[in-house]
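Here is a short tour for anyone meeting this structure for the first time. Have the viewer open and follow along, one part at a time.

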Amino acid sequence: MTHDLLRFTVNGREVAVDAAPDARLLDVLRESLGLTGVKEGCGEGECGACAVLLDGRLVNSCLLPAWSAAGGDVVTIEAGSTRRDLADIEAALAETGGVQCGFCSPGFVLAIAALLDANPTPTPAEVKEALSGNLCRCTGYHPILATVERLVRERTGGVA
Amino acid sequence: MERFWNPASLDEALAILAGERDAVMPVAGGTDLVLRLRQGRYAPRALVSVRHLRAVDDGPARVEGATLVLDALAPLVDVIAAPAARTHAPELVAALATIGSPAIRNVATLAGNVANASPAADSLPPLLVLGAEVVLSRRGGSRTLPLGSFLTGPGRTARAADELLTTLRVPLVPATGRRIAAFRKFGKRRANIIASANVAARLQVVDGRLGLVRLAAGGVAATPRRLGPIEAALHGQPATADLFARVEPATLAAIDALIHPISDVRGGATFKRALVLHAIEAICARAARVAAGEEAGDDA
Amino acid sequence: MSVGTSPVRVDVRPKAAGRARYVDDLALPDLLHAVLVTAPAPHGRLLALDTARAAAAPGVVAVLTASDVPGENQVGCVFPDQPLLVEDTFRFVGDRLAIVVGTTRDAAARAAKLVEVRWEALPVVTDPVAALTPESPLAHPKGNLIAHQVVRKGDVDRAFADAEVVLEGVWQAPYQEHAYLETNGVVALPGADDGVTLHVSMQAPWYVQGAVARALGLPLAAVRVIQATTGGGFGGKEDYPSEPAACAAMAARLLGRPVKLVFDRGEDITRSTKRHRVRVHLRVAARNDGTLLGSEATLHVDAGAYAGLSTVVAERANISAVGPYRIENARVDTYVVRTNNLFGGAFRGFGHPQVAFAFESMMDELALRLGMDPAELRLKNAVGPDDTALSGQPLAGSGPLRRVLEEALTASDFQARRAGFDALNRGAGPVRRGIGLGYILYGVGLHAGGQHIEGSGALVQILRDGSALVAIGGTELGQGAATVCAQIAAELLAVPLSRVRALPTDTALLPDSGPTVASRTTLLSGNAVRDAATRLRERLLPIAAELLGVHPERVVSGPGAWQDPDSGREVSTVEVAGLAWRRKLKLAESGWWAPPPKRWDTARGQGDAYLVYAAAAHVAEVEVDLLSGETRVLKVTAVHDVGRALHPEMLKGQVYGGVAQGVGYALMEDLQLKEGVPLNANFTDYLIPTALDVPDVQIVLIEEPFKDGPFGAKGVGEPSLIPCPAAVANAVSHACGVRFRELPITPERVLTATSRFMTS
């Protein structure tokens with residue numbers, strides 16, 4: 001049975017991909033589009049390594065049917081080369097000890113971006129809650145939480 | 001799988017469900033369904049996405065007369081933020097906020113959580129204490145069922161293959177006295193877990209006594225359920241520090257006919273039973289503190 | 001100055017940007033994908049394996065079984081007891097039956113389900129104690145006892161006869177799954193000749209080289225193993241990767257095309273190694289004043305069916321079984337036992353967290369029994385520089401020892417907090433508070449039994465533009481090995497860190513440098529870099545002196561320049577390197593470091609077990625809700641003896657991470673097995689801490705330079721975890737007023753011990 005191509009926007013670019021009806025968004029991004037910055041850590045929506053932004057909201061791409069993203073606006077970690085906000089988060093994470101093995105890092109960058117878009121001055125409790133769906137096994141989270149603190153300080157000009 | 005439908009409207013979605021019947025499954029956020037499909041639990045010929053659809057035009061929660069209407073197709077994050085839901089169903093909002101993680105709550109829906117009918121689904125005990133009704137839409141009509149009747153077994157509901165769960169209707173209870181609307185989820189860590197057990201409570205403390213008492217427990221039986229006999233034992237009782245001590249015998253006598261926990265990876269049966277009993281104990285203690293003015297209720 | 005500062009790590013910007021390429025990100029022309037078919041049950045005899053339907057499935061190129069192994073069908077890491085592919089008997093659920101190779105992973109995975117296995121069940125051995133009885137069925141033809149290791153020190157029977165108090169108990173330490181975010185994976189490429197090159201997510205390139213050479217019947221020199229960017233290891237990628245690597249290499253060699261093999265999470269948890277389950281039976285003899293007289297420990301280490309690294313893990317558990325205390329009389333018997341359970345292997349701490357949990361718990365119970373403060377009891381018995389470790393090894397030169405404990409007690413305000421919680425807990429409410437201590441002495445580097453691999457190499461180059469290249473034998477797993485070694489090179493060569501590049505570990509560049517384990521990497525690889533870079537420095541310094549016009553003894557170096565401090569003049573590294581190049585000086589050096597041989601008596605478990613010791617103490621504060629059984633760890637105070645912090649922020653990162661893993665092990669990581677089959681081999685039900693589960697962490701680093709460490713550094717990778725589960729368990733026990741002797745202390749275990757509804 002033939003089907004149309006799956007069309008959506010990725011990192012500002014319109015794409016049209018031949019995707020099976022049961023493909024996950026994760027598979028389309030990594031394999032059809034070569035966006036290997038999006039990682040598969042668990043395949044169950046538990047670790048957040050596959051997180052992307054879909055229409056501005058953080059989603060686990062391992063659980064989203066690819067065709068559910070038709071017409072949508074997807075942002076992956078690769079958008080960091082064109083989006084200043086993501087690049088700033090990447091730099092802060094790298095500089096504050098928030099990256100060790102790095103496998104969880106792209107997911108965290110996007111989770112932090114989603115948090116700060118919705119809430120530019122989160123409390124420490126709100127930060128932990130917002131990042132509660134991203135697992136890290138290396139850093140114990142403290143350096144990542146410190147990263148967010150630093151970003152909030154920078155964005156609010158030191159008045160947090 | 002042969003096809004993934006992206007209908008542009010609810011009518012179109014219902015038409016597809018009517019046409020394909022058992023061969024097609026609706027998918028909203030997909031956070032439960034996609035996993036089950038990959039595990040091979042289901043093998044539908046097609047999926048019909050309702051992720052972009054909404055059953056209610058002006059927001060995920062609104063009051064119509066004496067009813068709170070919830071859009072079952074709205075992402076949980078939007079229901080959690082909706083003022084009408086926060087005012088009239090705080091125990092439900094508290095429960096939804098514990099489901100999964102932020103990324104999951106951005107796409108998961110009440111339709112999914114309720115229609116998947118996991119015995120440990122977090123939305124169900126609060127919806128039960130709220131006395132919620134489920135609205136099932138099909139091409140050309142709809143029907144309304146009490147939630148308790150909708151849930152027929154673990155992972156089983158009264159939804160026909162051509163029906164979609166579109167809204168939930170909660171009759172508003174007139175506010176008298178001090179309200180307690182609580183939800184508690186039990187598990188081995190503080191985020192992103194399937195509950196070992198969960199308990200919801202809606203109480204009213206009027207002149208130092210318990211007026212309205214509604215309790216529901218999940219994760220401890222084939223379906224989440226109301227704890228009727230325990231509610232009856234508590235109804236009318238003075239909300240004092242020895243409240244639970246007074247009703248403990250009746251509670252223990254009634255509990256094993258009400259819940260039948262099984263031992264699984266989330267805990268042993270005796271443990272899950274103990275959690276429910278302790279939850280009731282904690283609710284009684286809270287009611288006493290509220291009655292004594294030591295603590296605020298969950299008033300609107 | 002690079003060493004001692006915390007510059008941005010050399011590897012992190014590409015990782016944060018999603019540009020770093022892990023194994024599953026590698027794309028190659030003609031790439032094939034392999035999926036493994038594993039055992040249908042924990043123990044069975046293979047009657048028939050029919051691969052015809054699978055081989056005929058769409059997209060499948062080949063299905064390989066034991067008879068296809070070109071070399072030796074043997075992959076045992078220490079003992080030759082483990083087939084690469086099952087020939088007649090499978091002995092645990094991760095045993096491999098076949099390799100299905102397809103053009104896509106999906107095609108191979110679908111075909112894998114078509115492999116038909118006819119088998120008959122064999123008895124499943126699940127209990128390591130029962131496994132040693134004569135009636136027990138055999139988990140493996142070589143017998144259920146792999147090894148019996150001992151410590152015999154002093155006169156234990158006399159100590160117990162003289163004792164005023166004797167305490168005895170059994171502690172059960174569970175499995176722990178590494179849960180590195182990146183699962184095991186490998187890409188193998190066949191060479192034009194008979195050789196093969198592998199890119200692997202791993203900690204031990206030379207183990208992989210050896211395993212592949214053996215399975216393919218190749219000389220070691222024909223197997224090149226290169227480290228891929230690795231998403232965490234924690235010991236789980238020490239020995240295990242050799243197994244999928246040998247499978248992928250075999251497929252690549254036989255099919256003449258590159259093969260990628262990556263596990264999904266369920267496969268990884270089920271098949272790969274775990275922290276060993278250990279049963280610890282302790283007896284302690286003491287005087288009423290708290291003086292420890294003697295200790296007896298019997299350990300049962302559940303290895304699973306194959307030995308793997310279990311005897312090596314047991315060696316460390318064996319010698320660490322009685323804590324950092326002065327004990328003149330000790331008897332330890334460590335039994336390494338085969339079962340058909342999961343595959344025990346290396347995991348950060350390597351047997352020590354399990355015994356530390358038991359012994360530190362025993363210390364608290366002894367304190368309770370004697371009516372002593374648990375801190376006082378430890379202070380009374382803690383070893384000092386004039387004492388010896390359990391192995392009889394003198395502790396002079398091992399740094400602050402006791403001071404670590406004292407600092408932890410001060411920094412955490414232990415005694416006052418404890419008294420406060422005692423008062424609080426006497427109240428009626430369901431919320432209890434507790435504080436607990438874990439104190440350990442960790443032997444840095446490989447145990448004496450492993451000294452035949454305790455050596456490590458490095459390559460350092462300075463280029464004509466003053467930039468530098470470093471290659472080390474240790475692998476970068478996320479812990480910062482590449483950065484620390486780059487810092488050492490930067491320091492000695494006067495090159496700014498930003499102009500140093502670290503190469504991925506590659507067996508073609510360096511001699512066998514051993515595995516990245518045992519908290520040895522800064523020490524071994526760091527010293528190897530120091531060795532090479534020092535020789536280069538000795539070549540560059542005279543050139544700098546010449547350019548500055550001063551005597552070489554006057555010259556000092558900083559990042560990017562060499563200076564004459566008296567005149568304040570400086571000359572750039574670029575200029576010095578450029579001139580050295582033009583004069584055709586040798587600008588590359590290979591480095592090597594191996595500690596002097598250790599004397600060791602296996603029969604008594606006595607001698608110089610380790611190069612040096614590092615003490616560590618954690619104090620945990622918890623809050624327990626007796627209505628739900630849930631524990632929140634509020635705070636951990638972590639005090640570490642590190643020698644020298646070469647990169648303080650990165651070192652603290654190890655402590656934050658170790659505490660998180662320790663909290664997980666103590667409270668929530670609950671790998672459940674039923675008759676050898678894991679019930680929760682997934683992240684939905686095997687729970688590791690989230691950002692909401694980690695405590696506040698206060699870190700105190702004590703720096704007393706270690707004379708043999710690079711710039712005085714020791715090792716912290718494992719000490720950062722080892723005391724934590726003990727501290728948390730002691731805190732929960734304190735809060736609840738009952739002793740917990742089994743981990744994890746889940747809400748169910750708390751309610752079982754404290755709730756009236758658990759008995760009615």
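How many Å separate the centres of domain 1 of chain B and domain 2 of chain B, taken over C-alpha atoms? The answer is 26 Å. Keep in mind that you're looking at a predicted model.

## Chain B and its two domains

The domain assignment gives chain B a domain 1 covering 3-171 and a domain 2 covering 178-291. Where the two touch, domain 1 of chain B puts in 22 residues and domain 2 of chain B puts in 25 residues. On the domain 1 side of that contact, α5 (90-96), α8 (124-129) and β8 (151-153) of chain B each give two or more residues.

If you'd rather picture a box, the C-alpha atoms of chain B fill one of roughly 60 × 45 × 30 Å along the principal axes.

## Where chain C touches chain A

Next up is a contact between two chains. Chain C and chain A meet here, with 39 residues from chain C and 39 residues from chain A. On the side of chain C, α1 (12-16) and α16 (648-667) each supply at least two residues. Which of the elements gives the most to that side? That's α16(C), with seven residues. By class, the side of chain C that touches chain A holds 20 nonpolar, eleven polar and eight charged residues.

## A helix pair in chain C

Stay with α16(C) for a moment, as it has a helix partner too. It packs against α17 (residues 723-736) of chain C at an angle of about 50 degrees, and their axes are 8 Å apart. That makes α16(C) and α17(C) oblique to each other, and their crossing is right-handed.

The contact of α16(C) with α17(C) divides into nine nonpolar, two polar and no charged residues.

## The domains of chain C

Chain C also has a domain assignment, with a domain 1 in two pieces (399-447 + 612-760) and a domain 2 at 455-593. Taken over C-alpha atoms, 38 Å separate the centres of these two domains of chain C. In their contact, 16 residues of domain 1 of chain C meet 14 residues of domain 2 of chain C. The domain 1 side of it has eight nonpolar, six polar and two charged residues.

## A helix pair in chain A

One last stop, this time in chain A. Helix α2 (residues 84-95) and helix α5 (residues 142-155) of chain A pack at an angle of about 130 degrees, with their axes 9 Å apart. Are they parallel or oblique? α2(A) and α5(A) are oblique to each other, and the crossing is right-handed.

To see the contact, look for A:D88, A:I89, A:A92 and A:L93 in α2(A), which meet A:I144, A:T147, A:R150 and A:L151 in α5(A). By class, this contact has five nonpolar, one polar and two charged residues.

Notes
Residues are numbered from 1 along each chain as its sequence is written. Chains are lettered from A and ligands numbered from 1 in the order in which they are written. This is a predicted model: local features need pLDDT of at least 70, side-chain atom pairs count only at pLDDT 80 or more; totals for chains, interfaces and linings use all residues. Domain bounds come from an automatic or database domain assignment. Two residues are in contact if their C-beta atoms, placed from the backbone, lie within 7 Å. Helices (H or I, at least four residues) and strands (E, at least two) are DSSP runs, numbered from the N terminus. Ala, Val, Leu, Ile, Met, Phe, Trp, Tyr, Cys and Pro count as nonpolar, Asp, Glu, Lys and Arg as charged, and the others, Gly among them, as polar. Axes are lines fitted to C-alpha atoms, for helices over the stretch in contact, and angles run from 0 to 180 degrees between N-to-C directions. Angles under 35 degrees count as roughly parallel, over 145 as roughly antiparallel, 65 to 115 as roughly perpendicular and the rest as oblique. A crossing is left-handed if the near helix is turned anticlockwise from the far one by less than a right angle, and right-handed if clockwise.
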